[in-house]
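The sequence and the structure come first.

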Amino acid sequence: MPSLFDPIQLGAITAPNRILMAPLTRGRATREHVPTPLMAQYYAQRASAGLIISEATGISQQGLGWPFAPGLWSDAQVAAWKPATQAVHDAGGRIVAQIWHMGRQVHSSVTGEQPVSSSATTSPGKVHTYDGRQPFETARALDIAEIPGLLDSYARATENALTAGFDGVQIHAANGYLIDEFLRDNANFRTDAYGGSVDNRTRLLREVATRVASVAGADRTAVRLSPNGESQGVNDSDPASLFVPAARQLSDIGIAFLELREPGPDGTFGRSDVPHLSPEIRKVFDGPLVLNSDYVTLAAAQERIDAGVADAISFGRSFLANPDLPTRLANGAPLNEAVMATWYSQGPEGYVDYPTLAA
Ligand SMILES: Cc1cc2nc3c(=O)[nH]c(=O)nc-3n(C[C@H](O)[C@H](O)[C@H](O)COP(=O)(O)O)c2cc1C
């Protein structure tokens, strides 16, 4: 079995190691969702990742409700992403853009309109806004006539990502956001071609993946799913019957890689008693499979590769706090702890000031 330090082909992207950086929202863009120079510094610091998956990046203002998160729908955003992708490439790295429609997990004070979802539902809990956390608003169901426009937004964001210098895109279909709200049966009550049967609930994912692949090439299109257990109120009564066929469809499209966020019962960023579906998904997904969540030690990550379930592992908080994570894992060096207070704060503190090992 390969080691985490062996290269891997992820579609068209050659990653020099299998230690990927998981997507991490950090809120360092402007209020207009334009990337800042600080972001170039942050990503370049982490260029030794086999591949960087960027923070979730909005495909449209309708789909982006996270304060100070970046977007990819305007020329200003494209221009401001260029120094970041260039800095990563100059430092010898690779980066794909995670493209995002947040569905019902937004507030109208940020997006300027009522949230949209598969159905008229309300997310539990509170939503981040520029004025602190507020109760969620009830979403309206997307009209079927709006789906072509939605697909156009994904296509445009993909085109923009490539223009901005990204090496590809990852479709964010996890964590209770729009595509996940179509996939899972506690959020999707539609009676049209996008609701009901598994084939109908996976239709939007399939259409988005096909459309994005038509722009970027399937070999530069990746997908992230969170198959096991509840995410931000979104859940499914029979995850295996949904996510195994979904993975098979993505395999047929020929995407570059599939990443699964699978928290366990002792997870520290979400937890779930629902068994991991990765062994079942592995059997039907022919491309590289990347696993995530709570892989803190090298041994735990390598074990999934040795077991034949994963081809690579993505690290979230470890990469957030350790710009030189691959070197630290290789040397058995201690890891810096990620400081939660600055996960989503603005400015350089807790962002570009995590130390690397002394040279
Ligand atoms: C600060 C922070 C921001 C995150 N932002 C995103 C995101 O933008 N997109 C996404 O798919 N997951 C996001 N996640 C989830 C991570 O990608 C990852 O699944 C999670 O941190 C668990 O992996 P870890 O145990 O390696 O940290 C975020 C997690 C954290 C801690």
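## Ligand surroundings and side-chain contacts

Of the 19 residues around the ligand, Pro23, Thr25, Asn292, Asp294 and Arg317 come nearest, where a residue is near a molecule or strand if one of its heavy atoms lies within 4 Å of it. The model is predicted, and local features need pLDDT of at least 70, side-chain atom pairs count only at pLDDT 80 or more, and totals for chains, interfaces and linings use all residues. Residues are numbered from 1 along each chain as its sequence is written, and side-chain values use heavy atoms, with hydrogens and water left out.

The residues of the shell divide into 8 nonpolar, 7 polar and 4 charged; in this scheme Ala, Val, Leu, Ile, Met, Phe, Trp, Tyr, Cys and Pro count as nonpolar, Asp, Glu, Lys and Arg as charged, and the others, Gly among them, as polar. A backbone N or O atom of Pro23 lies 2.7 Å from an oxygen atom of the ligand, and a polar side-chain atom of Asn292 lies 2.6 Å from an oxygen atom of the ligand. For Gly316, a polar backbone atom is 2.8 Å from an oxygen atom of the ligand. The protein covers 96% of the 610 Å² of accessible area that the ligand has on its own, with accessible areas taken from the Shrake-Rupley method with a 1.4 Å probe, and for residues only the protein chains shown count as cover.

### Salt bridges

Side chains of opposite charge can pair when their charged atoms come close. With a salt bridge taken as a side-chain nitrogen of Lys or Arg within 4 Å of a carboxyl oxygen of Asp or Glu, the count comes to 13 salt bridges, including those in the table.

| Pair | Closest N to O |
|---|---|
| Arg211 and Asp152 | 2.9 Å |
| Arg317 and Asp294 | 3.3 Å |

The salt bridge between Arg317 and Asp294 links distant parts of the chain, with Arg317 in helix H11 (residues 317–321) and Asp294 in the loop between strand S13 (289–292) and helix H10 (298–306), 23 residues apart; helices (H or I, at least four residues) and strands (E, at least two) are DSSP runs, numbered from the N terminus. Arg317 counts as partly exposed because its relative accessibility is 25%, given that buried means under 20% relative accessible area, exposed over 50%, and partly exposed in between (1.4 Å probe, protein chains only). Asp294 is likewise partly exposed, at 28% relative accessibility.

Arg211 and Asp152 form a salt bridge, and this pair also links distant parts of the chain, Arg211 in helix H7 (residues 203–216) with Asp152 in helix H4 (residues 147–163), 59 residues apart. Arg211 is partly exposed, with a relative accessible area of 29%, and Asp152 is partly exposed at 40%.

### Two loop residues

Asp185 is found in the loop between helix H5 (178–183) and helix H6 (198–201), and at 24% relative accessibility Asp185 counts as partly exposed. Its side chain and that of Ser237 are joined by a polar contact of 2.5 Å, that is, a pair of N or O atoms within 3.5 Å; within protein, one must be able to donate a hydrogen and the other to accept it, and residues adjacent in sequence count only if both atoms are side-chain atoms.

Thr121 lies in the loop between strand S6 (116–117) and strand S7 (126–129), and Thr121 counts as buried because its relative accessibility is 11%.
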